[in-house]
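Subject: The structure for you to look at

Hi,

Here is the structure I promised to pass on. Have a look at it first, then read my notes below.

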Amino acid sequence: MHPMTASAHRQAWRKLAASTLRNLPRSSIRPPTAHCGLVFRRNASSSARLWSQQQKVNPAARPTKLPTSNTARRSYSSGAPPPKGNQNIKFWPFVAVIALGSGGYMLLVNRRKDMPAVPSAAGLAAPAKSTPTFSPKDVTVLFVLGGPGAGKGTQCARLVSEYGFTHLSAGDLLRAEQERPGSEFGELIKQCIKDGAIVPMEVTVQLLENAMTETIKNKHNAPKKFLIDGFPRKMDQAFKFEEVVCPARLVLFYDCPEAEMERRLMERGKTSGRADDNAESIRKRFRTFIETSMPVVDHYEKEGRVVKIDATPTPDSVFQTTRERLTKALGDKF
């Protein structure tokens with residue numbers, strides 16, 4: 001007997017299934033949906049008959065209509081409007097308030113007249129001049145500019161020591177003037193610092209002129225050469241100084257990368273005790289210098305009055321370069 005293949009097995013099972021279905025009665029293979037529908041209809045009819053019987057036994061269970069008394073009326077139904085009262089407006093309280101306010105304002109104005117006024121920059125500044133106070137033929141002025149940490153103070157100290165320059169710092173002059181008894185600018189400077197405002201440029205320029213005048217008066221034999229450190233910070237300061245004090249011979253600009261200046265200031269902050277020698281303040285000072293002081297450098301560079309020096313090397317190397325460049329620009333006896 002030969003073994004049956006898989007195909008032969010399938011055909012045999014199909015014949016057996018067909019023969020079985022032909023022999024079953026038709027009532028046993030009724031579709032399931034018809035059977036389910038019959039059950040549903042029977043259950044529905046039984047439920048209806050049960051509900052009808054309950055209504056006959058207990059008529060009170062039937063739904064009744066809601067009462068229509070006044071208590072069921074909506075609480076927000078509109079009714080007759082309330083009678084209007086006396087709506088006459090009295091104006092005398094408003095007149096009294098206005099009179100009191102006007103009197104108080106006049107009293108405040110009269111008191112302010114008796115208060116000592118803080119002097120303004122216009123009143124303290126020197127009167128307009130047709131010519132500057134000093135001639136560039138007699139007085140040499142060098143503006144010293146550079147970013148914070150570029151080494152301006154170190155190089156100025158070396159120039160003062162070896163060439164007899166007078167070093168003037170605008171910031172130091174403002175702080176000293178604020179504390180000087182009887183100062184004509186002291187109150188204004190204090191008020192500006194208190195309000196967080198910038199000291200007017202007329203005041204700074206006048207302080208620089210006063211310092212130069214005093215130096216020349218007290219040091220008859222001293223060279224009339226000035227290093228003005230950290231000034232001018234803006235173009236209007238530069239124009240004002242050259243208009244009323246003295247035209248600058250040139251700008252000594254110490255150029256240094258920002259990363260190197262930050263490193264120097266952070267190192268200095270370990271011992272300086274200055275509140276602005278921290279990373280956040282240092283970066284703000286960088287931005288201020290770039291936005292306000294670099295246009296001054298660019299302006300004088302177009303006029304050929306800038307001596308640019310790389311401030312990255314050591315202080316001795318930077319000073320050697322400074323001396324060579326100044327000799328070339330101003331001569332051997334600058």
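Let's start with a term: a salt bridge is a side-chain nitrogen of Lys or Arg within 4 Å of a carboxyl oxygen of Asp or Glu. Keep in mind that this is a predicted model.

By that rule, the count comes to 13 salt bridges. One of them joins the side chains of arginine 158 and aspartate 316, with N to O at 3.1 Å. Where do arginine 158 and aspartate 316 lie? Arginine 158 lies in helix α5 and aspartate 316 in helix α12 (residues 315-330), so this pair ties together parts that are 158 residues apart in sequence. As for the surface, arginine 158 is partly exposed at 27% relative accessibility, while aspartate 316 is exposed, at 53%.

Another salt bridge stays inside one helix. The side chains of aspartate 172 and arginine 175 meet at 2.7 Å, N to O. Both belong to helix α6 (residues 170-179), and being three residues apart there puts about one helical turn between them. Aspartate 172 is partly exposed, with 43% relative accessibility; arginine 175 has 53% and is exposed.

Arginine 264 forms a salt bridge with glutamate 260, and their closest N and O atoms are 3.0 Å apart. Both lie in helix α10, four residues apart, which is about one turn of the helix. Is glutamate 260 buried or exposed? Glutamate 260 has a relative accessibility of 18% and counts as buried, because the cut-off for buried is under 20%. There is also a network: Glu242, Glu303 and Arg305 are joined by salt bridges that share partners.

Glycine 149 is found in the loop between β1 (140-146) and α5 (152-163), and glycine 149 is buried, with a relative accessible area of 18%. Which residues does glycine 149 touch, leaving aside those up to four places away in sequence? The answer is Met261, Arg264 and Leu265. Arginine 268 sits in helix α10 (residues 258-272) and is partly exposed, with a relative accessible area of 33%.

Next, the aromatic rings. How many aromatic pairs are there? The count comes to four aromatic pairs. In one of them, the rings of phenylalanine 143 and phenylalanine 231 have their centres 6.0 Å apart and their planes at 75°, so the pair is edge-to-face. Phenylalanine 143 lies in strand β1 and phenylalanine 231 in the loop between β3 and α9, so the pair ties together parts that are 88 residues apart in sequence. Both of these phenylalanines are buried.

Phenylalanine 231 has another partner. With phenylalanine 241 it forms an edge-to-face pair, 5.8 Å centre to centre and with 65° between the planes. Here phenylalanine 231 is in the loop between β3 and α9, phenylalanine 241 is in helix α9, and the two are ten residues apart. The relative accessible area is 1% for phenylalanine 231 and 0% for phenylalanine 241. Put together, Phe143, Phe231, Phe241 and Tyr300 form one aromatic cluster.

The peptide bond from phenylalanine 231 to proline 232 is cis, with omega near 0°. Proline 232 is placed in the loop between β3 (225-229) and α9 (235-244).

What about cysteines? The structure holds zero disulfides. Cysteine 156 is buried, with a relative accessible area of 1%, and cysteine 246 is buried too, at 0%.

Lastly, a word on confidence. The protein chain averages a pLDDT of 76, and 60% of the residues score at least 70. Over residues 33-41 the pLDDT is below 50, and this stretch has zero contacts in the model beyond near neighbours in sequence. Residues 111-125 also have a pLDDT under 50, but for them the model has 18 contacts beyond four places in sequence.

Cheers

How values were computed:
Residues numbered from 1 in each chain as written. Predicted model: local features only at pLDDT ≥ 70, side-chain atom pairs only at ≥ 80, totals over all residues. Heavy atoms only, no water. Buried < 20%, exposed > 50% of the residue type's maximum accessible area, 1.4 Å probe, protein only. Contact = heavy atoms within 4.5 Å. Disulfide = S-S within 2.5 Å. pLDDT = per-residue confidence, 0-100. Phe/Tyr/Trp six-rings, centres within 6.5 Å; stacked < 30°, edge-to-face > 60°.
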